[in-house]
Amino acid sequence: MDAARFEELVAAYGAAPRRWPEAERAAAEAFAETDAGQRMLAEARTLDAALEEARDAAPISLDLRRKMLASAPKPQAPPWRAVAALAACAVFGVALGVGGAQRMGDIRAADAALALMADTGEIY
Amino acid sequence: MHDPDAELMRRAGAGETSALNEIVRRHAERIVRVGRRMLGDPAEAEDVAQEVFLRVWKQAATWRTGEAKLATWMHRVTLNLCTDRLRRRREMPDPNAGLTLADPAAGAEEGLRAQDRSARVHAALAQLPERQRAAIALCYFEEVSNIEAADAMEVSVEALESLLSRARRTLRARLSDEAGNL
């Protein structure tokens, strides 16, 4: 790290080492200990302090957080719930089928009885 | 490249509530601040932030790690949305648009002076060219690393440094009347 590069760094990133590029930070911190480094830092600190006056610390509202989350993906049902739902459908379908078949059987028996009665002349 | 949000995005893609909340907690305030800095209008910044999160959620289920960190990608989307709005403003100027300054309602004289100083710095920042303002917003105020800021702005690190240097030089010149020897 020479004076020219240190000057470029401070001109771009300011006086705080945490903002300096990570790859050059250690070398820049060493140069910062020199008299030339201290002079350059002092100039940069003045602007840094002025910029701090414009730091935006206003929190965001709960309403905005809600709006951000409103468009988020909806929770997916766990797989066991899908299987359970399928099984419930199957059971319902079988029950419906068995019940229907029984009713059909009853209807067929009634039809047969009516036909017999008609044949024997009990109904006209 | 390690992305501390990669696992969160996977869970968010499945709609896991805790992951969604955590992504909002980690990123929302910063995205709104960058939007405010770029647009100078809190309401517009909130609209942009909502749009950014809408895009995050759309990406969550298919998020591919290794291409860009979520934070960097969100910064890029934010800056692009702000650029679109600034372009529209130039094409159709709104007489009511502009920098929203601090409320000068506080009574104490020192408070007023501080607000005045703050307003002047805000104004100087707002007058910077858009790219310089973005560089200052990311690197100075949000303390994003130079590599990530350059990536978000889709420029080289050298170009980012140039933007930052020019921005600071301009700010120093504009504020020198206020503080003597900036």
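Hi everyone. Let's start with chain A, which has five helices and zero strands.

Staying with chain A for a moment, buried residues account for 15% of its 124 residues. If you take the contacts in chain A between residues at least 6 apart in sequence, 59% of them join residues at least 24 apart.

Here is one example from chain A. Where does A:A15 sit? You'll find A:A15 in the loop between α1 (3-13) and α2 (22-32) of chain A. Is A:A15 buried or exposed, or something in between? A:A15 counts as partly exposed, because it has 19 C-beta neighbours inside 10 Å, and a residue needs 20 or more to be called buried. Leaving out neighbours within four places in sequence, A:A15 is in contact with A:V10, A:L41, A:A44, A:R45 and A:D48. Take A:A44 from that list: A:A15 and A:A44 are 29 residues apart along the chain, yet their C-alpha atoms are separated by 5.3 Å.

Now to the two chains together. The predictor gives the complex an ipTM of 0.83 and a pTM of 0.77. At the interface, 43 residues of chain B are in contact with 30 residues of chain A. Which parts of chain B supply at least two residues each to that side? They are α1 (6-13), α2 (17-39), α3 (42-60), α5 (109-126), α6 (130-141) and α8 (157-179) of chain B. The biggest giver is α2(B), with nine residues on the side of chain B that touches chain A. Sorted by class, this side of chain B has 22 nonpolar, ten polar and eleven charged residues.

Next, chain B on its own. Chain B is divided into domain 1 (1-100) and domain 2 (106-182). Between them, 15 residues of domain 1 of chain B are in contact with 16 residues of domain 2 of chain B. On the domain 1 side, the elements that give two or more residues are α2 and α4 (70-91) of chain B. Here α4(B) gives the most, with six residues. By class, the domain 1 side divides into six nonpolar, four polar and five charged residues.

Let's look at one helix pair in chain B, α2(B) and α6(B). Their axes come within 9 Å and cross at roughly 145°, and the crossing is right-handed. From α2(B), the contact uses B:R33, B:V34, B:R37 and B:M38, while α6(B) brings B:R133, B:A134, B:A137, B:L138 and B:F141. That gives six nonpolar, no polar and three charged residues in the contact of α2(B) with α6(B).

What about B:C82? This cysteine is found in helix α4 of chain B. B:C82 counts as buried because it has 23 C-beta neighbours inside 10 Å. Not counting residues up to four places away in sequence, B:C82 touches B:G35, B:M38, B:L39 and B:V48. By contrast, B:C82 and B:L163 are 18 Å apart in space, C-alpha to C-alpha, and 81 residues apart in sequence.

B:E143, in the loop between α6 and α7 (146-153) of chain B, has a phi near 55°, a positive value in a residue other than glycine. B:E143 is partly exposed, because it has 13 C-beta neighbours inside 10 Å. B:E154, in the loop between α7 and α8 of chain B, also has a positive phi of about 55° although it is not a glycine. B:E154 is exposed, with 10 other C-beta atoms within 10 Å.

Finally, a word on confidence. Chain B averages a pLDDT of 88, and 84% of the residues score at least 70. Among the elements of chain B, which has the lowest mean pLDDT and which the highest? The lowest mean is that of α5(B), at 81, and the highest is that of α6(B), at 97. Over residues 101-106 of chain B the pLDDT is below 50, and this stretch has ten contacts in the model beyond near neighbours in sequence. Where pLDDT is low, the predicted coordinates should not be read in detail. Thanks, everyone!

Technical notes. Residues numbered from 1 in each chain as written. Chains lettered and ligands numbered in written order. Predicted model: local features only at pLDDT ≥ 70, side-chain atom pairs only at ≥ 80, totals over all residues. Helix = DSSP H or I, 4+ residues; strand = E, 2+ residues; numbered from the N terminus. Buried ≥ 20, exposed ≤ 12 C-beta atoms within 10 Å, placed from the backbone. Contact = placed C-beta atoms within 7 Å. Nonpolar A, V, L, I, M, F, W, Y, C, P; charged D, E, K, R; others polar. Domains from an automatic or database assignment. Axes fitted to C-alpha atoms, helices over the stretch in contact; angles between N-to-C directions. Left-handed = near helix turned anticlockwise from the far one by under 90°. pLDDT = per-residue confidence, 0-100.
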